[in-house]
Protein chains: 2
Amino acid sequence: MRSKELQLGHGSGGRLTAELMEKVFLPAYSNPLLAQLNDQAVFSINGARLAFTTDSFVVKPLFFPGGDIGKLAVNGTVNDLAMGGAKPLYLSASFVLEEGLAIDELKRVVASMADAAREAGVEIVTGDTKVVERGHGDGVYINTSGVGVIEHDHYLSSNQARPGDKIIVSGPVGDHGMAVMARREGLEFDTPIESDTAPLHEMVAAMLAASDGICCMRDPTRGGLATTLNEIAKSSSVGMMLHETSIPVREPVAALCELLGLDPLYVACEGRLAAIARADDVDALLVAMRSNSLGEESVVVGDVVADHPSTVVMRTCVGGTRIVDVLSGEQLPRIC
Amino acid sequence: MRSKELQLGHGSGGRLTAELMEKVFLPAYSNPLLAQLNDQAVFSINGARLAFTTDSFVVKPLFFPGGDIGKLAVNGTVNDLAMGGAKPLYLSASFVLEEGLAIDELKRVVASMADAAREAGVEIVTGDTKVVERGHGDGVYINTSGVGVIEHDHYLSSNQARPGDKIIVSGPVGDHGMAVMARREGLEFDTPIESDTAPLHEMVAAMLAASDGICCMRDPTRGGLATTLNEIAKSSSVGMMLHETSIPVREPVAALCELLGLDPLYVACEGRLAAIARADDVDALLVAMRSNSLGEESVVVGDVVADHPSTVVMRTCVGGTRIVDVLSGEQLPRIC
């Protein structure tokens with residue numbers, strides 16, 4: 001580790017988070033499941049193939065256009081299960097609450113979680129609550145963990161991308177991060193930006209039914225699409241070539257990114273997925289994805305290539321190319 | 001809810017925590033698994049019978065005699081699985097870290113978790129890390145969730161106690177809470193008090209092999225033995241009669257409790273269990289428990305009775321009786 005003290009950037013999902021993983025967590029906990037660095041662990045118990053995942057949520061503010069920390073906590077874990085090809089079934093909910101939190105605010109968060117769980121068809125079956133003194137928290141921190149079942153034979157893992165595969169994105173990127181930033185900075189727009197937080201498991205089920213050519217799926221949360229694709233490129237030792245003109249970004253998101261000096265490729269989504277798929281299967285997959293309301297704007301954004309392994313390159317709209325690196329440092333703290 | 005704002009006592013594991021559960025969480029998340037209010041949810045997926053549990057840890061200080069937050073986080077979740085009769089298999093580990101935390105301190109916690117996982121025979125297979133700004137955390141908060149498998153036909157639930165059953169405790173109570181308090185208050189003793197944090201699943205496996213007369217098991221953590229037994233008494237609509245002279249409390253723990261004006265019956269254990277068992281099975285159970293190093297001091301501490309349902313009463317050492325109520329308010333904040 002280059003630093004002796006933890007920095008905000010260690011939670012960004014980018015280079016510092018990866019360093020923390022490689023230097024601190026992986027060596028200590030070493031086991032083959034964790035080493036795959038997927039968003040979920042997949043294992044079999046007495047013949048049942050299961051996925052298991054966890055996520056803590058510290059988003060600030062707690063409420064933002066399109067969602068809140070509770071909805072995010074449910075959808076985030078539902079999506080981490082879905083990205084492993086699992087049907088999400090059971091969630092846990094564990095709270096670290098700050099003394100002085102208004103009970104009515106907690107009730108709003110809890111009601112939102114319950115609504116999101118109902119919408120996603122999962123049950124919150126176990127939980128925990130801890131309370132810390134005023135000034136030692138930030139109202140509400142939530143951990144959700146989840147268990148899902150895998151009922152098909154596809155093997156999905158970030159090390160499965162091969163040259164010739166296509167890179168698909170299920171819709172515009174950066175909505176979630178910019179919705180939170182706009183609220184945090186008190187910025188108002190004619191067209192308000194809403195978080196895209198949503199449960200993706202039904203679209204994933206349709207994709208798996210339509211094709212057996214999916215190599216892996218990831219939801220580009222912290223660190224955005226750029227970081228997610230870099231992780232897959234590294235895991236699979238392949239290169240990637242993105243086409244800038246193909247990457248969907250909503251107009252107000254692009255405008256706010258420009259205003260704040262941010263690159264939408266690094267801004268978190270919470271209801272989008274990136275899929276790597278065999279080229280022959282892309283048409284069938286796009287049909288399946290576009291027939292789901294959350295995937296209507298699905299599009300191919302690039303190719304997996306043999307050149308420049310572990311590196312993501314983008315052909316820009318002016319015709320040049322540039323390297324799209326992992327997020328380094330902290331772009332947007334406390335975004336999920 | 002009587003209060004409009006969250007108090008520290010809402011995290012105590014006592015009356016206020018129960019009120020939060022009954023008024024906020026249960027109505028929103030309503031489902032039969034959660035409503036059982038066991039320390040774990042038990043369900044079947046494709047024929048595999050599984051237990052699933054979660055716990056967040058905010059203990060202060062992070063390191064204390066006999067353990068640290070990492071060891072506690074592993075053993076706590078291992079034990080919640082074990083109390084449901086499950087063999088613990090897979091754990092998740094999710095961190096909310098505070099900016100400025102020394103990386104070396106984090107490494108110590110992570111190494112301790114890895115050791116505890118190895119000792120308990122579980123793997124940490126998935127995880128997450130978030131970082132919050134200085135002054136919005138307290139160094140390290142950890143959530144662990146766990147999945148275990150149930151490979152027997154016993155039905156264990158806190159609603160299964162019946163009059164005539166016996167109440168067994170696996171060893172002295174209050175060690176963990178008093179070890180943390182002594183360190184927090186800077187108190188030194190000739191005989192230092194050490195936390196009892198330990199994984200109980202092997203003793204539980206031996207108990208289940210020795211007898212099919214166990215009704216339920218609980219590890220008396222926050223709120224201590226008194227609160228745990230009150231919860232079982234309420235769930236099963238039975239009374240309980242404890243014998244004060246039978247309840248094991250180590251001498252230094254009793255002394256420190258007296259000094260601080262605390263009742264050891266309400267002080268957290270992290271390596272003890274309370275079991276309710278049919279009277280005919282008690283001898284076999286005590287043999288099994290005492291043959292495990294963590295249960296050498298196992299003892300019967302009372303009876304389940306038909307009188308005063310939902311109420312725990314204690315026959316005191318001077319021959320009178322007194323009601324042993326649920327912990328009300330906050331006795332020991334941030335104890336786990």
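Reply: Residues are in contact here when they have heavy atoms within 4.5 Å of each other. The model is predicted, with local features needing pLDDT of at least 70, side-chain atom pairs counting only at pLDDT 80 or more, and totals for chains, interfaces and linings using all residues, while side-chain values use heavy atoms, leaving out hydrogens and water. Residues are numbered from 1 along each chain as its sequence is written, and chains are lettered from A and ligands numbered from 1 in the order in which they are written.

By that contact criterion, Met203(A), Ala206(A), Met207(A) and Ala210(A) of α6(A) meet Ala284(A), Leu285(A), Ala288(A) and Met289(A) of α9(A). The residues of this contact comprise eight nonpolar, no polar and no charged (Ala, Val, Leu, Ile, Met, Phe, Trp, Tyr, Cys and Pro count as nonpolar, Asp, Glu, Lys and Arg as charged, and the others, Gly among them, as polar). Helix α6 spans residues 201–210 of chain A and helix α9 residues 282–290, and the two pack at an angle of about 150 degrees with their axes 9 Å apart (axes are lines fitted to C-alpha atoms over the stretch in contact, and angles run from 0 to 180 degrees between N-to-C directions). Because of that angle, α6(A) is roughly antiparallel to α9(A), a label for angles over 145 degrees, as roughly parallel is for those under 35. The crossing of α6(A) past α9(A) is right-handed.

Elsewhere in chain A, helix α3 (residues 69–83) and helix α4 (residues 103–120) pack at about 30 degrees, with their axes 7 Å apart, and therefore α3(A) runs roughly parallel to α4(A). Here too the crossing is right-handed. Among the residues making the contact are Ile69(A), Val74(A) and Val78(A) of α3(A), together with Val109(A), Met113(A) and Ala117(A) of α4(A). In this contact the residues divide into nine nonpolar, three polar and one charged.

In chain A, 29 residues of domain 1 are in contact with 26 residues of domain 2. The area buried between these domains of chain A is about 2200 Å², with 55% given by carbon and sulfur atoms (buried area is the accessible area, with a 1.4 Å probe, that two parts lose on being put together, summed over both). Between chain A and chain B the buried area is about 6700 Å², of which carbon and sulfur atoms give 65%.

Definitions and conventions. Helices (H or I, at least four residues) and strands (E, at least two) are DSSP runs, numbered from the N terminus. Angles under 35 degrees count as roughly parallel, over 145 as roughly antiparallel, 65 to 115 as roughly perpendicular and the rest as oblique. A crossing is left-handed if the near helix is turned anticlockwise from the far one by less than a right angle, and right-handed if clockwise.
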